[in-house]
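Have the sequence and the 3D view open as you read.

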2 protein chains.
Amino acid sequence: MVGAVIVKDNQVLASGYHHRYGDVHAERDAITKLTPEQLFNSTLYVTLEPCNHTGKQPPCSDLIIASKIKRVVISQIDPHSLVTGKGIKKLKAHNISVTTGVLAQEAKKLNQHYAYFYEHNLPYVTLKQALSLDHKCSYPNKRVQITGNAASQKVHQERADYQAIMVGSSTALIDNPTLLTSIKQDHPPIRLVLDRRGRLLNQQLTLFSDNRAPTWIFTQNPELAKTSYPLHVKVFLLDQGTLTEVLQILAQNQVQSVYVEGGPTLMKSFVEEKLAQELITYFSPTFLGSNALDGFEITENLKLIQPNYQVLDKDIRISGRIDYV
Amino acid sequence: MVGAVIVKDNQVLASGYHHRYGDVHAERDAITKLTPEQLFNSTLYVTLEPCNHTGKQPPCSDLIIASKIKRVVISQIDPHSLVTGKGIKKLKAHNISVTTGVLAQEAKKLNQHYAYFYEHNLPYVTLKQALSLDHKCSYPNKRVQITGNAASQKVHQERADYQAIMVGSSTALIDNPTLLTSIKQDHPPIRLVLDRRGRLLNQQLTLFSDNRAPTWIFTQNPELAKTSYPLHVKVFLLDQGTLTEVLQILAQNQVQSVYVEGGPTLMKSFVEEKLAQELITYFSPTFLGSNALDGFEITENLKLIQPNYQVLDKDIRISGRIDYV
């Protein structure tokens, strides 16, 4: 999410934004709305450093220089190592005045997955759980729908904000989920299953039969890795079998964000290894009772930073960044 | 909470309400604002059946008859056995037209503690807990403040809505609480401690030394019952030691409502014996970790009816009637 505004004589002449992945950048979207006379000596405000390399689009730096814009105000320097500072350097070399860091934190929040990914070389991980008031997440070996329709719809929507959705093997086997979003997407999130032991071997699951999104399995079981699956299914044979190894493989495959939907054991590991950045809890005002399974439990004392609350019918959604201090 | 309105020729001539315990009733508050000419042939709307007995105030039925009001519309028939139907009967005997049941449910909600008390001959019980996101309520043997200031202030306010506040002996010993409200009251809630074994024997507690509200101890320990305490402290020696026995003693002493502030064992007993009507949970977006004590856990599958959510700084308050079905 990037936005740009072109100003001259204290008047906003044009604005533009990055409409979607692969589309023209915000700067080009704004610049192409104006004539050369309007652009001459104008100031460009942009939330992210203009690119200086050819990706899906030609470099914005060249277009800015050709437009005879005299000043560029940038919120956030691009964390992408291919880009960092290079756009600014090029602009300055062509005598364009550059100001950086204006509303930088706000701009960073627009693309926190992207920023985190390039700063840490690991995907941004959000844990999502649905709990009863007594901190139960399900019954043993039985699928249970804890929250109501409004919460389920919200989950289907927010899956679309991530590049991948992860579950553990128990969730895959007991729930047999589709893990699809409710939004039509050219690139739906990849469905990830962490299955070290290979419990999914010879199982008939929707994740294998439904090809509406890719399915990636991470295992240490060589038999599972050798199994022949439909084209949308890919099996990664792990070496150490750690979460870090899984996340590194995902990063190498350009997966910038992961939405982890359980179960509790998987989520506990993410928190204990400090590999999760955000927690979303859906609470339902029910008690499942002491025969039900506990939600994830950790040994450390943790906090959520600036939690956000949203009421969804009878349920509530609590989200916040995890503070590991 | 009772309100009254006097109407004639489709015009509201006066309204009145019961300002506080012991004060004039709503009907009298409204009637005394008008002249005999205004009252003649008027209609009185009142949320609760007019009384026909002398309590802190003379009976309203006599005043209505003397005022030559021609019709009385009543929302809720008084559940108080001394009053039920008697006011209506008296009015009818004097040829006053009486309509009942208009917005009866809404009126009942105004005084749900009162209504429950007279319908069941037991106090209305609300359980209140403060929990972390991982369903922990405290550390062992150590006081912990889970929620923030806004939630604490809300608790101090809502204590004033009850006639008594109850804690278990562990909470009394570990927290050494004052259990006072933040509102100046002529009749502050009675502070109740359920202490079957008599663990409070020979303990120096604020509940004993601070006489700003009465303290009542319920015990099966005769030694505790024999102890000499300041005048504001009263010790009840229990026979069976059940919660029902405690609530029956409270009902005999005209305590209509109890706010139970823990600990988890006491709250669990209330729910398992189906003696609690309402649950208020304050959630804080923190994790206390697995060394902390669990919030109350029950075996049954329970729901809250029409839960209400309120955000208080970083915390959230969830309240609702308990559905035991």
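## How the two copies meet

The copies meet through the same surface, since 100% of the interface residues of chain B are also interface residues in chain A (contact means heavy atoms within 4.5 Å).

## About the model

This is a predicted model, in which local features need pLDDT of at least 70, side-chain atom pairs count only at pLDDT 80 or more, and totals for chains, interfaces and linings use all residues. Residues are numbered from 1 along each chain as its sequence is written, chains are lettered from A and ligands numbered from 1 in the order in which they are written, and side-chain values use heavy atoms, leaving out hydrogens and water.

## Cysteines

With a disulfide taken as a pair of cysteine sulfur atoms within 2.5 Å, the count over all chains is 0. For C137(A), the nearest cysteine sulfur is that of C137(B), 20 Å away, too far for a bond. C137(A) is buried, at 18% relative accessible area (buried is under 20%, exposed over 50%, partly exposed in between, with a 1.4 Å probe and protein chains only).

## Backbone notes

The peptide bond from G262(A) to G263(A) is cis, with omega near 0°. L103(A) has a positive phi near 55° and is exposed, at 55% relative accessible area.
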